[in-house]
Amino acid sequence: MKAKKILSAICALTVGAVSLAACDSGYGYWPGGYAPDMGEFDNLENYQTEEIVERDFTSPEKEPTSYFSLDRNTASYSYMRRIIGEGREVSPGSVRLEEYINYFSYDYARPEEGEALAISNSLFDCPWNDEHKLLSIGVAAEEIEFSARPNNIVFLIDTSGSMYGDDRLGLIQQAFSMLTEELSEKDTVSIVTYAGDSHVALRGESGGNKVQICNVLQDLVANGSTNGQGGIQKAYALAEQYYSPEANNRVILATDGDFNVGVSSKRELESLISKKRKSGIYLSVLGVGMYNTNDVTMKTLAENGNGNYAYLDSVAEARKVLVEELGGTFNVVAKDAKMGVTFNADTVEKYRLLGYESKMMSQEEFDDEKKDAGEIGSGHTVTALYEIELKENASGGVATCEVRFKDPQTDESNSISKTVATDDYTDSPNEDSVFIGCVAEYGLVLRNSKYKGDANLESVISRLYSLDCTKPEGNPFRTEFLEIVIAAEKIYR
């Protein structure tokens, strides 16, 4: 009760905050965003994303194995939710299928005691192509209590002029205030801001001094240009000053990604942040805003900084990332995680990985233990989905899945694997598999993929209803997804 009163006070104090009712609301909300005055915006061209080049189907006789980096970024999904909530079509370049699928958690087999990861699989009919199957490969991480380790955290906050507004700096102030409520005396908090230059607003404060931390957050104002480079360098310097090998050492960057002073190109950012990750300090990126938001910048920083990337379109999403999934957001259990899937040419005619276009690897990179890859947090699930065509009367092994990763504490390399056979096929897939198929089909429609086959939103809606997504006691994120698809069907109709 005391914590809730403190949180309510924080929400009430927030600069430019939405109503306290919004702070206290649960996940029944939708759409979840702060829609600005839309009159001045005729398109979404200023939301900068990378072009997605979908891979074609591949024959295992020519190329039996695909390799890619594993992570659980979710920014693409929550960005989509905001756009659909505003009644607009989603830019195809923003649709990263793996982030749509991985926004949700699944009931995969959990690791045995002493193990970091476990692999599950499912082989079932493809909803948008009767001649194909879907192979879902699920990875589940062990769960670690958030309080098990101390935290050395630097809030790195973009306070430039582009961050003005309730859906930008105002939302970040609320998000970090909620996170502060989860901290304790053993945690260390610093705050760095950047606009035209960078500034240390708070240095090495105990996480138990919540009032002081929140007061500093609420005093922030947005003004000036955007020197992200200076802010990053100062934040990492502070994280190194209070570094502890026993702690979770992390910089959390909150920005719209609009760097316009200093290093700003993708290549320069990759070089800058790749050097920083060698310090043993992880990076989380929280994206906010719309219309001048640079998804490329934020995605580049997260992927090259041993970090994760989430887009905050609402207070509820901030709560999901920084409160409800805090252990997974902070506590890494598998570092440099990557997957290799080798298909059997005797049973598989062709295959195609859905999503992960920007995370593909060569065999040399997969075998290179020094190659940077993704991170998987405590309790998280990560899914890879393949669309495959089996050969006529196929029988036997279909594919072998291998996940390689490092222990984040010792850097010791580990590997787990699992083989999928035709006997694993089922014409009655479980609810998780059906739902994954729904999310993938939805993404293919929004992307207007040339591989979408018979995909359509009416079919997705029908299957979601069959999963009882409308039950109040069900999964609120899946219920919300049904509402989103219904809204999208009206837009795209």
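This is a predicted model: local features need pLDDT of at least 70, side-chain atom pairs count only at pLDDT 80 or more; totals for chains, interfaces and linings use all residues.
Once neighbours within four places in sequence are set aside, Ala399 is in contact with Leu135, Val341, Thr342, Phe343, Lys418, Thr419 and Val420.

## The chain as a whole

The chain contains 15 helices and 16 strands. Of its 493 residues, 58% are buried. Among contacts in the chain with a separation of 6 or more, 82% are between residues 24 or more positions apart.

## Strands S10 and S13

Strand S10 (residues 332-343) pairs with S13 in the antiparallel sense, over three bridges. Within this pairing, Ala334 stands opposite Ile376 of S13.

Strand S13 comprises residues 374-377, and both of its faces are covered. Gly374 and Ile376 are buried on one side, while Glu375 and Gly377 are buried on the other.

## The four-stranded open sheet

Four strands form an open sheet in the order S2-S3-S14-S11, with antiparallel pairing. Strand S2 (117-125) and strand S11 (348-354) are at the edges; each has a single partner strand, so one side of each lacks a neighbour in the sheet. From one strand to the next, the twist averages 25°.

At one of these edges, S11 pairs with strand S14 (residues 381-390) in the antiparallel sense, through six bridges. The bridge partner of Tyr351 in S14 is Ile388.

## Helix H3

Helix H3 (residues 75-85) is mostly covered, with ten of its eleven residues buried. The buried residues are Ala75, Ser76, Tyr77, Ser78, Tyr79, Met80, Arg81, Arg82, Ile83 and Ile84. Two arginines, Arg81 and Arg82, are therefore among the buried residues, each being under 20% relative accessible area.

The buried residues of H3 pack against both helices and a strand. The helical partners are H4 (97-101), H10 (315-324), H13 (431-447) and H15, and the strand is S9 (307-311). Just after H3, Gly87 adopts a positive phi of about 80°.

## Packing of H14 against H15

Helix H15, one of the elements against which the buried residues of H3 pack, also packs with helix H14. Two packed helices are described by the angle between their axes and the distance between the axes. For H14 (residues 457-466) and H15 (residues 476-492), the angle is about 155° and the axes are 10 Å apart. H14 is therefore roughly antiparallel to H15, because the angle is over 145 degrees. The crossing of the two helices is left-handed.

On the H14 side, the contact is made by Leu457, Glu458, Val460, Ile461, Leu464 and Tyr465. On the H15 side, Phe481, Leu482, Val485, Ile486, Ala488 and Glu489 take part. By class, the residues of this contact are ten nonpolar, two charged and no polar.

Notes. Residues are numbered from 1 along each chain as its sequence is written. Side-chain values use heavy atoms; hydrogens and water are left out. Axes are lines fitted to C-alpha atoms, for helices over the stretch in contact, and angles run from 0 to 180 degrees between N-to-C directions. Angles under 35 degrees count as roughly parallel, over 145 as roughly antiparallel, 65 to 115 as roughly perpendicular and the rest as oblique. A crossing is left-handed if the near helix is turned anticlockwise from the far one by less than a right angle, and right-handed if clockwise. Contact means heavy atoms within 4.5 Å. Ala, Val, Leu, Ile, Met, Phe, Trp, Tyr, Cys and Pro count as nonpolar, Asp, Glu, Lys and Arg as charged, and the others, Gly among them, as polar. Buried means under 20% relative accessible area, exposed over 50%, partly exposed in between (1.4 Å probe, protein chains only). Two strands pair if DSSP finds at least two bridges between them.
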